[in-house]
Amino acid sequence: MRIALFGTSADPPTAGHQEILRWLSERYDWVAVWAADNPFKSHQTQLEHRAAMLRLLIADMDAPQHNVAVTQDLSSWRTLETVEKAKQHWGEEAEYTLVIGSDLINQLPRWYRIEDLLQQVELLIVPRPGYTIAETSLENIQKLGGKIAIATLTGLNVSSTAYREHGDTEALIAPIVAYIHQQHLYKCQDATTKRFQLR
């Protein structure tokens, strides 16, 4: 069984995340996705909200995705612990692929017990606009024992950051925009709403 492990900050999840999940669902037996706290980022929205938005993202995909699910109990500050949890869930015999965006390549060598992690998973790197994949970065990961594949998909040119900082709703699907309003998440969204009401 081939399992894709896709932890993402998803703060909030975008149409770009949805495109990645759709692509993975066509190539893996099972796609486990979860909202993760990134130790290199601060002031993140509560995990329960981000997990709820990921569920909305999956429910909104074109065809019913029977092999994609939010598996929030895999979430951990340490990806090595996530893989251990996955093995308890699906067994040692499954083949595990860790999916990361090309924006994370350079921080990867600083991850907790990275060499142990790379012995247990293959890496699938999804190219992101604005983050080139340097040959030297790939070589550094390979020296640590990494087995690397690069996705033929290029992520959409949208980002959670653009939404958080500028209220760019182009990046989001309608059910997630509705959820954000309902739960009063993100200051920029409240500010946009107030400006609109004042007119």
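**Briefing: Rings, Helices and Buried Residues**

Thr71 is buried (under 20% relative accessible area, where over 50% is exposed and the range in between is partly exposed, using a 1.4 Å probe and protein chains only), because its relative accessible area is 10%. The structure is a predicted model, in which local features need pLDDT of at least 70, side-chain atom pairs count only at pLDDT 80 or more, and totals for chains, interfaces and linings use all residues. Residues are numbered from 1 along each chain as its sequence is written, and side-chain values use heavy atoms, with hydrogens and water left out.

- Thr71 is found in the loop between strand S3 (68–70) and helix H3 (79–90); helices (H or I, at least four residues) and strands (E, at least two) are DSSP runs numbered from the N terminus.
- Not counting residues up to four places away in sequence, Thr71 touches Ala32, Val33, Trp34 and Trp90, where contact means heavy atoms within 4.5 Å.
- Ala51 belongs to helix H2 and is buried, with a relative accessible area of 2%.
- Leaving aside neighbours within four places in sequence, Ala51 is in contact with Ala35, Val70 and Gln72.
- The C-alpha atoms of Ala51 and Val33 are separated by 9.0 Å, and these residues are 18 apart along the chain.

**Aromatic rings**

- A search of the whole structure finds 1 aromatic pair; rings of Phe, Tyr and Trp (its six-membered ring) pair if their centres lie within 6.5 Å.
- The pair is edge-to-face because the rings of Tyr163 and Tyr186 have planes at 90°, with centres 5.6 Å apart (planes over 60 degrees apart count as edge-to-face, under 30 as stacked and the rest as tilted).
- Tyr163 lies in helix H6 (residues 160–166), and Tyr186 lies 23 residues away in the loop between helix H7 (174–183) and helix H8 (187–198).
- Tyr163 is buried at 0% relative accessible area, and Tyr186 is buried at 10%.

**Charges over rings**

- The charged end of Arg2 sits over the ring of Tyr28, 4.5 Å from its centre (NZ of Lys or CZ of Arg within 6 Å of the ring centre and within 35 degrees of the ring normal).
- Arg78 lies over the face of Tyr112, at 3.9 Å from the ring centre.

**Packing of H2 and H7**

- Helix H2 (residues 47–59) and H7 pack at an angle of about 150°, with their axes 9 Å apart; axes are lines fitted to C-alpha atoms, for helices over the stretch in contact, and angles run from 0 to 180 degrees between N-to-C directions.
- H2 is therefore roughly antiparallel to H7 (over 145 degrees; under 35 is roughly parallel, 65 to 115 roughly perpendicular and the rest oblique).
- Residues making the contact include His49 and Met53 of H2, and Ile176 and Tyr179 of H7.
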